[in-house]
Amino acid sequence: MTDFVFPAPAPATVAVAGSTAVFPVGRVFCIGRNYRWSQDEAMPQEMPAWFMKPANAVVHAHGVLPYPPATGDFCHEIELVVAIGRGGRDIAPAQVEPHHIWGYAAGLDLTRRDLQQQAKRAGGPWEAAKAFDHSAPCTPLVPAAACGHPRQGAVWLTVNGIERQRADVSGLLWPVAELVAMLSRSVTLMPGDLIYTGTPAGVGPLQPGDVVQGGVAGVGQFSMTVGSTRHADSIPMTGDSL
């Protein structure tokens, strides 16, 4: 028996739609620009950049969303989330969907935009802008066995009833299979990994009191109200089903 110097934290988990089971979260990979943000934008020649968030940044996309500290520009990014059920290295794109994807969800890649811009100007890392507490809300996962592998369907987000983001899964510049294959050429993917696949145009700031609603058709939808940092302790980060 391992003699921990203090009790090991419970693992981060995501709820499974229609089940009491939970999905244990390993790592969280986030994809950069992966939709056209203007009609005349050319198809990129290189795969998009990616970054990571800690597993305990994943929280249930419901209830209060704390406004994070150290920012004056807290921004939303709605995304299709992919859950890996079988790991691998150098995975061929044709093998991704039938063998490696466990399910799908709708999620938010929340960003402290002012800190991101500072990092870009300095050529520094994005962790402060992306990897903060509660920065990756996620709806319950829908198993691929139940929903299939989405090829199309609306990806949308509103703030206080006003639409800000809308696209279609078919508009991904690099589809899910290509993204998973790309990541597997850089790191060995593991069961439990989540991949946030990129956000459409229309990202914008959130203020305390804003009601944020969004979703991915056929996968999941959510409603959250932006609170303040004093609400952070009321939202579970690990150990509770999300």
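This is a predicted model: local features need pLDDT of at least 70, side-chain atom pairs count only at pLDDT 80 or more; totals for chains, interfaces and linings use all residues.
Five strands form an open sheet with mixed pairing, in the order 6-18-17-13-14. At its edges are strand 6 (62–65) and strand 14 (162–168), each of which pairs on one side only. From one strand to the next, the twist averages 15°. Strands of a sheet pair through backbone hydrogen bonds, either parallel or antiparallel.

Within this sheet, strand 13 (residues 154–159) runs antiparallel to strand 17 (residues 211–216), and five bridges join the two. Strand 13 and strand 14 make up a hairpin with two residues between the strands, in which N160 takes a positive phi near 55°.

Strand 13 is mostly covered, with six of its six residues buried. In a regular strand the side chains alternate between the two faces of the sheet. On one side of strand 13 the buried residues are A154, W156 and T158, and on the other they are V155, L157 and V159, which leaves both faces covered.

A further open sheet contains three strands in the order 10-7-16, with antiparallel pairing. Strand 10 and strand 16 (204–205) are its edge strands, and each pairs on one side only. Two bridges link strand 7 and strand 10 in the antiparallel sense. C75 has T111 of strand 10 as its bridge partner.

Strand 7 (74–76) and strand 10 (111–112) also take part in covering the buried residues of helix 2, as does helix 3 (127–130). In helix 2 (residues 113–122), the buried residues are R113, L115, Q116 and A119. Viewed down the helix axis, these residues fall within an arc of 160°, so they line one face of helix 2. The face turned away from the buried side carries the exposed residues R121 and A122. After helix 2 comes G123, which has a positive phi near 70°.

Helix 5 (residues 176–186) is mostly covered, eight of its 11 residues being buried. The buried residues of helix 5 are V176, A177, L179, V180, A181, M182, L183 and S184. Their cover includes strand 3, strand 4, strand 8 (78–84), helix 1 (93–99), strand 9 (101–108) and strand 15 (194–196).

The structure holds five aromatic pairs. One of them is the edge-to-face pair of F29 and W50, with 5.5 Å centre to centre and 65° between the planes. Because F29 lies in strand 3 (residues 28–31) and W50 in strand 4 (residues 50–53), this pair ties together parts that are 21 residues apart in sequence. F29 is buried, at a relative accessible area of 0%, whereas W50 is partly exposed, at 30%.

Another pair is formed by F74 and F132, whose ring centres are 6.2 Å apart; their planes stand at 70°, so the pair is edge-to-face. F74 belongs to strand 7, while F132 is in the loop between helix 3 and strand 11 (136–138), so the pair ties together parts that are 58 residues apart in sequence. F74 is buried at 0% relative accessibility, and F132 is buried with a relative accessible area of 6%. Together with Y67, F74 and F132 form one aromatic cluster.

The ring of F132 also has the charged end of K53 over it, 5.7 Å from its centre. A further contact between a charge and a ring involves R33, which lies over the face of W37 at 4.0 Å from the ring centre.

Definitions and conventions
Residues are numbered from 1 along each chain as its sequence is written. Side-chain values use heavy atoms; hydrogens and water are left out. Buried means under 20% relative accessible area, exposed over 50%, partly exposed in between (1.4 Å probe, protein chains only). Helices (H or I, at least four residues) and strands (E, at least two) are DSSP runs, numbered from the N terminus. The arc is that of the directions from the helix axis to the C-beta atoms. Contact means heavy atoms within 4.5 Å. Rings of Phe, Tyr and Trp (its six-membered ring) pair if their centres lie within 6.5 Å; planes under 30 degrees apart count as stacked, over 60 as edge-to-face and the rest as tilted. A charge sits over a ring if NZ of Lys or CZ of Arg is within 6 Å of the ring centre and within 35 degrees of the ring normal. Two strands pair if DSSP finds at least two bridges between them. Axes are lines fitted to C-alpha atoms, for helices over the stretch in contact, and angles run from 0 to 180 degrees between N-to-C directions.
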